[in-house]
Number of protein chains: 2
Amino acid sequence: VDFIVIMAGGGGTRLWPLSRRSRPKQFLSLLPGGETLLGATVRRATRVVPIERTLVVTAASQVDEVRRCVPSLPAENIVVEPEARNTAACIGLACVEVRRRDAGAVIGVLPSDQFVGDDDAFARAVELALRSAADGPITTIGIRPTAPETGFGYIQAAGSGAVRGVQRFVEKPDAATAAGYLASGDYLWNAGMFFFRASVMIDAMHAHLAPLGEILDAIAADSTAVSRYAAAPRISIDYGVIEKVPPSSLRMVPGDFAWNDVGSWAALPEVRPHDEAGNTVLGDALAVDARDNVLVGDGRLVTAVGVSGLVIVATGNSVLVLPRERAQDVRKIVDALEKSGRTGDL
Amino acid sequence: VDFIVIMAGGGGTRLWPLSRRSRPKQFLSLLPGGETLLGATVRRATRVVPIERTLVVTAASQVDEVRRCVPSLPAENIVVEPEARNTAACIGLACVEVRRRDAGAVIGVLPSDQFVGDDDAFARAVELALRSAADGPITTIGIRPTAPETGFGYIQAAGSGAVRGVQRFVEKPDAATAAGYLASGDYLWNAGMFFFRASVMIDAMHAHLAPLGEILDAIAADSTAVSRYAAAPRISIDYGVIEKVPPSSLRMVPGDFAWNDVGSWAALPEVRPHDEAGNTVLGDALAVDARDNVLVGDGRLVTAVGVSGLVIVATGNSVLVLPRERAQDVRKIVDALEKSGRTGDL
């Protein structure tokens with residue numbers, strides 16, 4: 001039977017100062033109605049599988065956040081990673097857990113911090129991908145690009161149709177290459193969604209990432225061996241496994257839905273409505289003669305007069321102001337705080 | 001003998017959200033070393049008269065703020081206005097209080113919320129003005145303009161020298177007129193500093209603002225009559241009295257010192273040092289690739305990347321962002337909050 005595993009571990013400061021290492025963006029109420037990205041991901045998952053077969057993998061320190069975001073999730077469906085070891089190990093641990101419940105399980109793995117604009121189209125793609133995976137191939141959903149994005153990896157499809165072959169995975173391209181990808185129609189965004197039989201994935205880990213395979217076998221045989229997880233290789237599922245699998249054993253389902261990785265504050269206008277002046281507001285804000293701003297106040301009143309194209313984020317401790325087109329540069333503040341030893345602000 | 005009376009009543013939101021109705025700008029630690037404008041005003045006053053002859057007039061609700069800003073001020077030198085009735089009544093009340101201490105007193109009245117850049121030059125001007133007032137004329141200090149300011153009233157001088165006659169007071173001019181004033185050299189800024197014998201001022205009030213004169217007489221005769229203060233005309237000392245006194249009874253001392261009424265956040269760079277990138281910081285701030293900003297954090301970390309010429313002010317409840325050249329437009333936020341009934345934010 002089908003399971004969905006949602007990866008909700010890891011930290012993040014790309015939406016600093018609202019997101020913190022201890023409270024990454026999947027736990028923030030960014031969506032209309034105060035929904036979190038994690039909550040929305042679980043909601044979408046349960047269109048395809050029941051909540052009893054929806055699992056969330058997270059860190060011990062974030063279990064309470066998961067419960068808060070998804071109160072309906074059964075406690076035993078929260079899988080706790082002993083420590084963050086990147087996605088290959090995380091998915092391996094989930095495979096062990098799911099296989100214990102159902103040796104023949106087919107698993108869909110989804111990131112917890114992405115925005116999806118069309119739940120129906122998403123559910124259709126997930127169902128197709130699960131069906132493809134049930135037949136053996138590791139299957140991914142590729143997002144049809146809507147812009148020449150240089151911030152994502154791409155997957156080159158083979159053939160056409162609702163389930164395609166995979167020619168290759170390619171790294172984040174430069175702008176010219178990205179424009180070519182967009183024009184060709186054969187390159188889709190790699191959104192980190194993977195579908196596979198649990199046994200197929202564990203076999204692939206043994207074949208391509210043997211140290212992880214061994215650790216997972218040990219944990220499967222004796223759950224107290226979970227302490228060995230700390231020795232798992234820190235590598236992503238893409239680099240560590242998927243890109244080493246022969247393309248003939250891979251499939252891709254093109255996803256035709258609005259999708260966004262909410263990688264910076266500049267993405268907020270894509271996941272929330274804006275007012276007539278183009279201001280996107282999260283929280284309590286007052287804008288006068290101000291256009292196209294992103295105004296975020298975590299319990300604070302954010303006011304702006306006569307400015308345009310700015311991101312303004314205010315939390316209890318910190319305020320960030322920067323132009324929308326430089327939203328990635330929040331990293332410069334995070335780096336500066338880190339260098340000056342102010343990690344308490346992160 | 002000489003007294004200095006400092007007017008520290010009234011509220012203000014021109015430096016909102018740091019200044020509030022309950023905490024106007026004279027009580028804010030805007031100056032280097034955390035000094036307040038009121039504290040600096042008292043410090044300058046005591047270069048000319050001892051602290052025993054320095055009085056502060058304020059509202060009952062602000063007595064604690066005054067004590068906090070000027071711990072050295074004797075308690076009996078805080079004169080409490082029963083309610084705010086503008087400067088004519090305030091100065092009248094101060095005259096009654098000072099005359100009770102010394103019937104022949106000469107009084108210098110100073111606003112509490114102005115910046116002065118040269119304490120020596122200021123003290124010299126105050127001493128000259130007190131000496132002129134001791135001879136009878138109501139005397140003012142006019143600030144020699146350094147820019148064609150349209151936000152101030154002007155005083156047209158008669159003659160030259162260190163103590164001059166007064167031709168007339170003129171309203172806030174338009175830009176062309178202000179440029180003419182600046183070029184002529186005869187027009188100085190009216191900074192609201194007045195020097196007079198207490199008896200001369202009370203007589204002038206009787207002559208030109210009789211209802212106030214009567215109320216002051218009643219209070220002088222019986223201090224319990226202070227309840228009548230609530231019926232005092234609400235008018236400024238300029239409109240109500242000074243501008244009605246024959247110019248022949250007025251004098252002006254030109255003040256040659258940096259001066260600023262700190263009328264908006266745009267003035268902060270004139271009263272505090274800035275860094276090499278032109279950013280003026282009050283509190284805790286971190287600016288990356290950011291120039292010529294005013295960054296104010298009241299216990300909050302204010303961060304900015306890639307912006308220039310902005311005012312960013314963060315307090316516990318509210319954040320304000322606007323361009324420096326629109327710093328006066330904080331009024332638009334204040335108005336909008338008022339209209340929506342959010343006076344708690346003011």
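**Interface, chain A with chain B**

I looked up the buried area first. Chain A and chain B bury about 2500 Å² between them. Of that area, 62% is on carbon and sulfur atoms. I note that this is a predicted model. I then asked which three residues supply more of chain A's buried area than any other three. They are A:Leu301, A:Val305 and A:Val319, with 23% of the area that chain A buries against chain B.

Next I took the residue counts. Chain A gives 32 residues to the contact, and chain B gives 32 residues.

I turned to the charged pairs. Six salt bridges are counted between chain A and chain B. I picked out A:Asp289, which forms a salt bridge with B:Arg326. Their closest N and O atoms are 2.7 Å apart. I also checked polar contacts. Across the interface, 18 residue pairs are in polar contact, both residues of each at pLDDT 80 or more.

**Strand pairing between the chains**

I followed S13 of chain A across to chain B. S13(A) is joined by four bridges to strand S15 (residues 318–323) of chain B. The two strands run parallel. For A:Val302, the bridge partner in S15(B) is B:Val319.

**Strand pairing inside chain A**

I moved to strands S2 (residues 54–59) and S3 (residues 78–81) of chain A. They pair in the parallel sense, over four bridges. In S3(A), A:Val80 is the bridge partner of A:Thr58. Left-handed or right-handed: how does the chain cross from S2(A) to S3(A)? The path goes through helix H2 (residues 63–69), and this β-α-β crossover is right-handed.

I counted salt bridges over all chains and got 38. One of them pairs A:Arg234 with A:Glu83. Here the closest N and O atoms are 4.0 Å apart. This pair links distant parts of the chain, 151 residues apart. I placed A:Arg234 in the loop between helix H7 (210–221) and helix H8 (237–240). A:Glu83 is in the loop between S3 and helix H3 (86–101).

**B:Val48**

I located B:Val48 in the loop between helix H1 (37–45) and strand S2 (54–59) of chain B. Which residues does B:Val48 contact, leaving aside its neighbours within four places in sequence? I found B:Ala123, B:Val126, B:Glu127 and B:Leu130. I also took a distance to B:Val63, 15 residues apart from B:Val48 along the chain. The C-alpha atoms of the two are separated by 24 Å.

I keep one rule in mind here. Most residues other than glycine have a negative phi, and most peptide bonds are trans.

I checked the peptide bond between A:Trp16 and A:Pro17. It is cis, with omega about 5°. A:Pro17 sits in the loop between strand S1 (2–7) and helix H1 (37–45) of chain A. I checked chain B too. The bond from B:Trp16 to B:Pro17 is cis, with omega near 0°. B:Pro17 is in the loop between strand S1 (2–7) and H1 of chain B.

Last, I looked at A:Val262. This residue is not a glycine, yet its phi is positive, about 45°. I found A:Val262 in the loop between strand S11 (259–260) and helix H9 (268–271) of chain A.

Technical notes
Residues are numbered from 1 along each chain as its sequence is written. Chains are lettered from A and ligands numbered from 1 in the order in which they are written. This is a predicted model: local features need pLDDT of at least 70, side-chain atom pairs count only at pLDDT 80 or more; totals for chains, interfaces and linings use all residues. Side-chain values use heavy atoms; hydrogens and water are left out. Contact means heavy atoms within 4.5 Å. Buried area is the accessible area (1.4 Å probe) that two parts lose on being put together, summed over both. A salt bridge is a side-chain nitrogen of Lys or Arg within 4 Å of a carboxyl oxygen of Asp or Glu. A polar contact is a pair of N or O atoms within 3.5 Å; within protein, one must be able to donate a hydrogen and the other to accept it, and residues adjacent in sequence count only if both atoms are side-chain atoms. Two strands pair if DSSP finds at least two bridges between them. A crossover is right-handed if, with the strands pointing away from the viewer, the path from the first strand over the helix to the second runs clockwise.
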